Amino acid sequence: YMGDRGRCDRGGFGGRGRGRGRGRGRGRGRGRGGEKDEWVPVTKLGRLVKDGKIRNLEEIYLFSLPIKESEIIDFFLPPNSVLKDEVLKIMPVQKQTRAGQRTRFKAIVAVGDHNGHVGLGVKCSKEVATAIRGAIILAKLSVIPVRRGYWGNKIGKPHTVPCKVTGKCGSVVVRLIPAPRGTGLVAAPVPKKLLSMAGIEDVYTSACGQTATLGNFAKATYAAIRDTYCYLTPDLWTTTPTGKHPYSEFSDYLMKNTRKA
């Protein structure tokens with residue numbers, strides 16, 4: 001009887017423990033793989049993108065539609081071939097608790113296609129790998145269009161910023177100034193990476209404030225790049241006819257799909 005009970009106890013506890021651990025691990029692995037293979041959109045914009053109703057990112061920016069799923073960016077700018085990401089900095093941050101300090105890691109990541117799209121993401125997590133993954137997702141969600149222009153005559157493709165623009169974060173102020181073709185990126189290493197990812201080839205920069213604070217330096221540069229589309233220059237004065245809003249144009253389609261679900 002004692003032997004039987006011992007076997008039952010060992011078998012019961014051992015079997016449950018091992019089985020539960022293996023099962024949970026397998027399930028997580030399958031889930032991650034499935035997400036990469038098949039994207040199931042959860043927003044109206046995501047459904048329109050996946051079903052081919054919206055053909056490019058510019059249609060989304062034209063109507064200022066908020067992007068809530070990073071897969072939308074992956075759909076238009078494939079991660080490995082077009083969209084490149086770079087970790088700008090990983091820094092430990094601490095919180096004082098009664099038991100001592102709690103250390104987490106903050107990752108700052110920039111993404112861009114070197115052709116008019118750039119994003120910046122910041123994420124804090126207990127593990128470095130998790131922080132980087134989260135920062136990449138946030139950077140994709142913050143991808144913005146970059147307007148490029150000319151320094152002098154309009155010859156060839158746009159190569160610099162269209163006008164002088166300024167961005168500010170904390171005490172850091174970054175100013176981007178148009179430069180002639182062939183100048184290159186006259187900038188510190190941090191803004192240089194962001195400007196290169198944005199597809200700007202020639203620019204002068206001026207910065208003041210505590211630029212050693214890398215996070216604020218990167219955010220100020222990102223704000224300046226974002227402002228390129230915020231200025232209404234004379235060549236944009238002509239009225240541009242915009243079509244119907246995608247949610248209005250495809251409202252029947254969205255309703256039909258909602259009923260099915």
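How many residues lie between E1 and E2 in the hairpin that they form? The views below come from a predicted model, and the first of them takes up this question.

**View 1. The hairpins built from strands E1, E2 and E3.** Two residues separate E1 from E2 in their hairpin, and the two strands, E1 covering residues 84–97 and E2 covering residues 100–112, pair in the antiparallel sense over 13 bridges. Within this pairing, Lys89 stands opposite Ile108 in E2. The hairpin of E2 and E3 has four residues between the strands, and in its turn His114 has a positive phi of about 60 degrees.

**View 2. Helix H6 and its buried residues.** In H6, which spans residues 189–198, the buried residues are Val190, Pro191, Leu194, Leu195, Met197 and Ala198. These residues lie on the same side of H6, because they cover an arc of only 160 degrees around the axis. Just after the helix, Gly199 takes a positive phi of about 90 degrees.

**View 3. The largest nonpolar core, with Val118 among its members.** This core has 29 residues, of which Val118, Leu120, Leu176 and Ile225 touch the most other members. Two or more residues are given to the core by each of E2, E3, strand E5 (165–169), strand E6 (172–178), H6 and helix H7 (214–226), with H7 providing the largest share, seven residues. Leaving aside neighbours within four places in sequence, Val118 is in contact with residues including Val111, Ile144, Leu194, Met197, Tyr222 and Ile225. Apart from this core lies another one, of 25 residues, among them Ile60, Ile72, Ile136 and Tyr253.

View 4. Five bridges connect E5 and E6 in the antiparallel sense, and Val165 stands opposite Leu176 in E6.

**View 5. Salt bridges between side chains, including the pair of Lys140 and Asp74.** Side chains of opposite charge can pair when their charged atoms come close. The count for the model comes to five salt bridges, and one of them brings together Lys140 and Asp74 at 2.9 Å, N to O. Lys140 lies in helix H5 (residues 128–141) and Asp74 in helix H4 (residues 70–76), so this pair ties together parts that are 66 residues apart in sequence. Lys140 counts as buried at 11% relative accessibility, whereas Asp74, at 23%, counts as partly exposed.

Another salt bridge is formed by Lys193 and Glu86, whose closest N and O atoms are 3.4 Å apart; the pair links distant parts of the chain, with Lys193 in helix H6 and Glu86 in strand E1, 107 residues apart. Both partners are partly exposed, Lys193 with a relative accessible area of 32% and Glu86 at 30% relative accessibility. The side chains of Glu59 and Arg55 also meet in a salt bridge, at 3.7 Å, N to O, where Glu59 is partly exposed, with a relative accessible area of 22%, and Arg55 is exposed, with a relative accessible area of 62%.

Conventions:
Residues numbered from 1 in each chain as written. Predicted model: local features only at pLDDT ≥ 70, side-chain atom pairs only at ≥ 80, totals over all residues. Heavy atoms only, no water. Pairing = 2+ DSSP bridges. Buried < 20%, exposed > 50% of the residue type's maximum accessible area, 1.4 Å probe, protein only. Arc of directions from axis to C-beta. Core = buried A, V, L, I, M, F, W, Y, C linked by side-chain atoms within 4.5 Å. Contact = heavy atoms within 4.5 Å. Salt bridge = Lys/Arg side-chain N within 4 Å of Asp/Glu carboxyl O.
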